[in-house]
Amino acid sequence: MKTQSSAAYAEITMQIVEALEKGDRPWSAGWTDDSGPKSLPRRWSGESYQGVNVVILWMAAIENGFASSRWFTYRQAKNLGGFVRRGEKSTRVVYYTTRTRTDDDGEEVERRIMKNFRVFNADQIDDLPAEYRDAEGESFESVDSSDVDKMISRVGASISERKGERDAYYLVSADRIVVPHRESFSPEERFYSVLLHELIHWTGSQSRLGRISRNDSDRDYAYEELVAEVGACFACARLGLTPDIENSAAYIGDWMARLKSDSRLIFKAAAAAQQAADYLLERMA
């Protein structure tokens, strides 16, 4: 018999697999076709959601054409004077709590448990006060290239821009990022999104967040590419940049197969992506 947690893992994972099978990236937030918001989804209070909830809510916004980035429980909307329209469908989001139990040796151990609740987008709610509604199409303000350059310089990564280079990559052994020269990108914004993708890989070094071993034979390339793509989307949303999501197309088949066999994989990858994006953005600040 499935627990509530395992049912939530399975339902959310299958939604993501179905999106991938249709050729959609659930974490792309509609950048490719202007079908959804470009900002991070937010609670009623304005606080941004984190990790897999960002993917879940972006996916729901794209599917339903929601322009607002603000989400409410039924009770939160009601307490603010709003009314969820009859027939509107809620979206499941998740959170974690811990439970302490005594093991066979009499030791107390903590167990992390996933729980879930339902939310509605502001576009599904009537009579919300104006301050709790986003303006249609609202997104984070973009920053200009000089600002991005300054922020990236604060990260402290070794970055080589090379004329004539065709590929971008992170060299684990040298702890160096190599990217084609920015003049080869059009628009220039794409240079920064590609660089952010490689910077997410850079965070995985054993000297930083510890996802990547110096021994390339031990590296799980497909999983790390999933973390980098999702993490770059999170970082781009914060910086007002459009992410580059084309280079990892070769991994989509592998992602689908592994998601089908492991319903917790996307939760793990999204948590790692959030940690990596936060690490970069904190250093940029």
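**Exercise 1. Which residues does Y251 contact, leaving aside its neighbours within four places in sequence?**

Step 1. Apply the criterion: contact means heavy atoms within 4.5 Å.

Step 2. With neighbours within four places in sequence left aside, the partners of Y251 are Y221, A222 and E225.

Step 3. Y251 lies in the loop between α6 and α7 (252-261). Helices (H or I, at least four residues) and strands (E, at least two) are DSSP runs, numbered from the N terminus.

Step 4. Compare sequence and space for one of the partners. Y251 and Y221 are 30 residues apart in sequence, and their C-alpha atoms are 8.9 Å apart.

Step 5. Classify the exposure. Buried means under 20% relative accessible area, exposed over 50%, and partly exposed in between (1.4 Å probe, protein chains only). Y251 has a relative accessible area of 25% and is therefore partly exposed.

A note on the source: this is a predicted model, in which local features need pLDDT of at least 70 and side-chain atom pairs count only at pLDDT 80 or more, while totals for chains, interfaces and linings use all residues. Residues are numbered from 1 along each chain as its sequence is written, and side-chain values use heavy atoms, with hydrogens and water left out.

**Exercise 2. Describe how α6 and α8 pack.**

Step 1. Find the geometry. The axes of helix α6 (residues 221-239) and helix α8 (residues 265-284) come within 8 Å and cross at roughly 50°. Axes are lines fitted to C-alpha atoms, for helices over the stretch in contact, and angles run from 0 to 180 degrees between N-to-C directions.

Step 2. Name the angle. Under 35 degrees counts as roughly parallel, over 145 as roughly antiparallel, 65 to 115 as roughly perpendicular and the rest as oblique. α6 and α8 are therefore oblique to each other.

Step 3. List some of the residues. On the α6 side the contact includes Y223, L226, V230 and F234; on the α8 side it includes L265, A269, A273 and L281.

Step 4. Sort the contact by class. It has 16 nonpolar, two polar and three charged residues. Here Ala, Val, Leu, Ile, Met, Phe, Trp, Tyr, Cys and Pro count as nonpolar, Asp, Glu, Lys and Arg as charged, and the others, Gly among them, as polar.

**Exercise 3. At what angle do α2 and α6 pack, and which residues meet?**

Step 1. The angle between α2 and α6 is about 75°, with the axes 11 Å apart.

Step 2. The two helices are therefore roughly perpendicular to each other.

Step 3. V54, V55 and W58 in α2 meet V230, C233, F234 and A237 in α6.

Step 4. By class, this contact has seven nonpolar, no polar and no charged residues.

**Exercise 4. Work out the sheet that contains β8.**

Step 1. Find the pairs. Two strands pair if DSSP finds at least two bridges between them. Strand β6 (residues 158-162) is parallel to β8, with five bridges, whereas strand β7 (residues 169-171) is antiparallel to β8, with three bridges.

Step 2. Check single positions. S158 stands opposite R176 in β8. I177 in β8 is the bridge partner of I159 and also of Y170.

Step 3. Write the order. The sheet is open, has three strands in the order β6-β8-β7 and shows mixed pairing. β6 and β7 stand at the edges with a single partner strand each, so one side of each has no neighbour in the sheet. From one strand to the next, the twist averages 25°.

Step 4. Look at the turn. β7 and β8 form a hairpin with four residues between them, and D175 in the turn has a positive phi of about 50°.

Step 5. Look at the cover. Four of the five residues of strand β8 (residues 176-180) are buried. Helix α5 (residues 189-203) lies across β6, β7 and β8, running at about 160° to β8.

**Exercise 5. In what order do β1, β3 and β4 stand in their sheet?**

Step 1. The order is β1-β4-β3, in an open sheet with antiparallel pairing.

Step 2. β1 (71-72) and β3 (91-102) are the edge strands, each with a single partner, so one side of each is left without a neighbour in the sheet.

Step 3. β3 and strand β4 (residues 108-121) pair over 12 bridges; in β4, K115 is the bridge partner of Y95.

Step 4. Helix α2 (residues 52-64) packs on this sheet and touches β1, β3 and β4, its direction making about 155° with that of β3.
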